[in-house]
Amino acid sequence: MKARIAIDQVRPRTPNAEHPAKAVVGEPVRVSADIFRDGHDILAARLRWRPAGDAADWTEIAMHELTNDAWEAKLTPAVIGLHHFVVEAWTDAFATWRRKVTLKLEAGEPIEVDLEEGALLLLARADLAPAGKAGKAVKEELGAAAEALRQPCGMMDTRGASPPSTSHTIAARLELAMSEQVGRLMAGPAGAVDLTAGPVMGLWVDRPLAGCGAWYELFPRSEGGLVGTIERLSAVAGMGFDVVYLPPVHPIGRTARKGADNSLLAGPDDPGSPWAIGAAEGGHEALNPELGTLDDFAALVRRAGELGMEVALDYALQCSPDHPWVFQHPEWFIRRPDGSVAYAENPPKRYQDIVALDLWGTGEGSRMDAWQACLDVALVWVARGVSVLRVDNPHTKPFPFWEWLITRVHAEHPEVIFLAEAFTRPKVMAKLAEIGFSQSYTYFTWRNTAAELTDYGTELTQGPVADYMRPSFWPNTPDILSGALRGGPIATFKARLVLAATLSPCYGIYSGYELGENEPASEDNEEYAHSEKYEIKHRDWSAPGSLAPYITRINSIRRRHPALRILRNLTFAASNNPAIIAYSRHTDDRSDVVLVVVNLDPHTPQEATLSLGLGALGLPWALAYEAADELSGSVFSWIGPNPFVRLDPVVEPAHILHLRSGP
């Protein structure tokens, strides 16, 4: 028989609850559900949770009702790994009784029988008290409350009129039963005949870096190899980045090697694309000797740690035609009718220097051999100190493969973070997050207008996908120079940086951004001219006008404001000018409230009147409050929900305002 109490829409959850939702250590997780039953009896609910495999008792948290049968509670996980939680509900017979008695008294109705009902409820709970001193005290207190309800009423009326001195008033008989102490003792599901549990849900808890981090991508070969990259780390850390991300560092194939500007003819000095992995020197487990040695790589990881950063490595499951796997395991690759190995292509893009692994294959044995080889690669680099893997094109590999691989990596190393480079269809991107990826690239790169950013930001932080997909906002990548950055002025680079760093707790930039590199390959090609994917770049990091100090300030602001480190707290404010976008973030207790205002027009000063929800931000409606600009140092005094803002992009295209009540 189905339960009488309905527990619906439990969140957080993945679409079919087959996979766990996402959380991070130390960050409160809001668990919500719709809970209701027939009739008018009062319900109670609780949240129970614990780490998976933990033999200890479940942690229990009382849920509270919001409106329209919606309930919630918050849990705060303390360890990484898989957790389970369940919502339970029951009819609160004692609370229902107290409400009924109160309403009858107010209406002047007789309650003698109701008092006996209350006494029976109290005595039934007293019988369930545990043995021992504490249980005895509970029995005595509940018994006393029941005895008071059963005191004779004498000649008094049911509305509590003054009785003879030998009688007890209604108020006196009810005093103990209505007390807070007895209410606490009667709380909980003990003795409830309709205790109902919702489904047991999963919650994967990552370390904090999975939920919030600033990434910087660089090519070691452009820094003089691994030794030169070690020297560059101080500057990267100085800008406030948490992760330095390296494209593949493996040997690069010679067959069909690409030349400068993606030319099909490579010269003798062309280094080739790092994503054309594998040569005579080895495959995915090997290090390109042109970059240095494994000792150099270990020194790089060690130095990054000393500077408070981690090294992320590109995990690209593809091969050059020279990869050892092509010869050792030809069955792992797609063969064309002429017997050649099919190269990777996504017309009109073609990657003649890359052959794609067939990770589904025609035989289960061959398939599992290939999967195991890929897992071994991941574990080799984790053993070398890499706990962050940026996965290249995961949407071109089978979903079951990723679920299998991520589960096995996490079984040994739950600290490993997987970033999906999933520039693909929305449902595919979401599915990859669902089956285990810690973070995902997004469409932020192509969202430029206020309407586009508002819709997309709301979808990613407030919609169902926010339960399990963590967006990472990148204004640029080695593959993508799009939108206003193409030929854009430095104001655009500033504005897009502010947007990426404050719309999402996870964001990143590709090196050269601080120098305002803005030359596209062509009008119809969103890649960079003279792409670093095919040549070594020599940059002057000391060039005047560098955005390095600006980036440093932005990352410092992110670290000082906990509101900017939370995903699901984004609220857009209305602006009467579509060239001005405004949005706020706040901590649960409103101790930190940040308002970001950005001029999306890089050429013209723009002004707007905003409409802020001051109540939701914990700010006064009629009194002055401060808006301290973290970028300029200016402090504004505002009154009311409609402040006026003006931003000149040449001077500063954005405000990052710390809102606080005035003195």
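Strands β6 and β7 run antiparallel and are joined by two bridges; helices (H or I, at least four residues) and strands (E, at least two) are DSSP runs, numbered from the N terminus. This is a predicted model, so local features need pLDDT of at least 70 and side-chain atom pairs count only at pLDDT 80 or more, while totals for chains, interfaces and linings use all residues. Residues are numbered from 1 along each chain as its sequence is written, and side-chain values use heavy atoms, with hydrogens and water left out.

**The four-stranded sheet**
- H64 has its bridge partner in β7, namely E72.
- The open sheet holds four strands in the order β1-β3-β7-β6, with antiparallel pairing (two strands pair if DSSP finds at least two bridges between them).
- β1 (6-11) and β6 (64-65) sit at the edges with a single partner strand each, so one side of each has no neighbour in the sheet.

- Helix α11 (residues 399-412) has 14 residues and should span 20 Å at 1.5 Å a residue, which agrees with the 21 Å between its end C-alpha atoms; the expected span is 1.5 Å times one less than the number of residues.
- Buried residues of α11 are F401, W402, W404, L405, I406, V409 and H410 (buried means under 20% relative accessible area, exposed over 50%, partly exposed in between, with a 1.4 Å probe and protein chains only).
- The cover over those buried α11 residues includes β10 (201-206), β13 (310-315), α10 (364-383), β17 (388-392), β18 (417-421) and α12 (426-434).
- Over in helix α2 (residues 112-127) you'll find E116, which is partly exposed at a relative accessible area of 30%.
- E116 and L149 are 33 residues apart in sequence, and their C-alpha atoms are 6.9 Å apart in space.

**Pockets**
- Both pockets and cavities come from a 1 Å grid over the protein atoms alone: a cavity is a set of points where a 1.4 Å probe fits but cannot get out, a pocket is an open set with protein on both sides within 12 Å along at least five of seven lines, and lining residues have an atom within 4 Å of a point.
- The largest pocket has about 940 Å³ of space; grid points are joined across faces, edges and corners, and a volume is the space filled by probe spheres set on the points.
- Its lining counts 36 residues, with N346, Y351, D392, N393 and T396 nearest the centre of the largest pocket.
- β16 gives the most to that lining, five residues, and β15 (343-346), β16 (349-356), β17 and β23 (525-528) each supply at least two.
- The second largest pocket comes in at about 700 Å³, and among its 23 lining residues R30, K74, R568, N569 and D588 lie nearest the centre.
- β3 has the largest share of the second pocket's lining, with three residues.

**Cavities**
- Three cavities of 30 Å³ or more turn up in the structure.
- The largest cavity holds about 140 Å³ and has 16 lining residues, with E27, G211, R470, L567 and R568 nearest its centre.
- Strand β2 (residues 21-24) gives the most to the lining of the largest cavity, three residues.
- The second largest cavity has about 50 Å³ of space, and α13 supplies the largest share of its lining, five residues.
- Residues lining the second largest cavity include R447, L453, Y456 and F473.

Conventions
Contact = heavy atoms within 4.5 Å.
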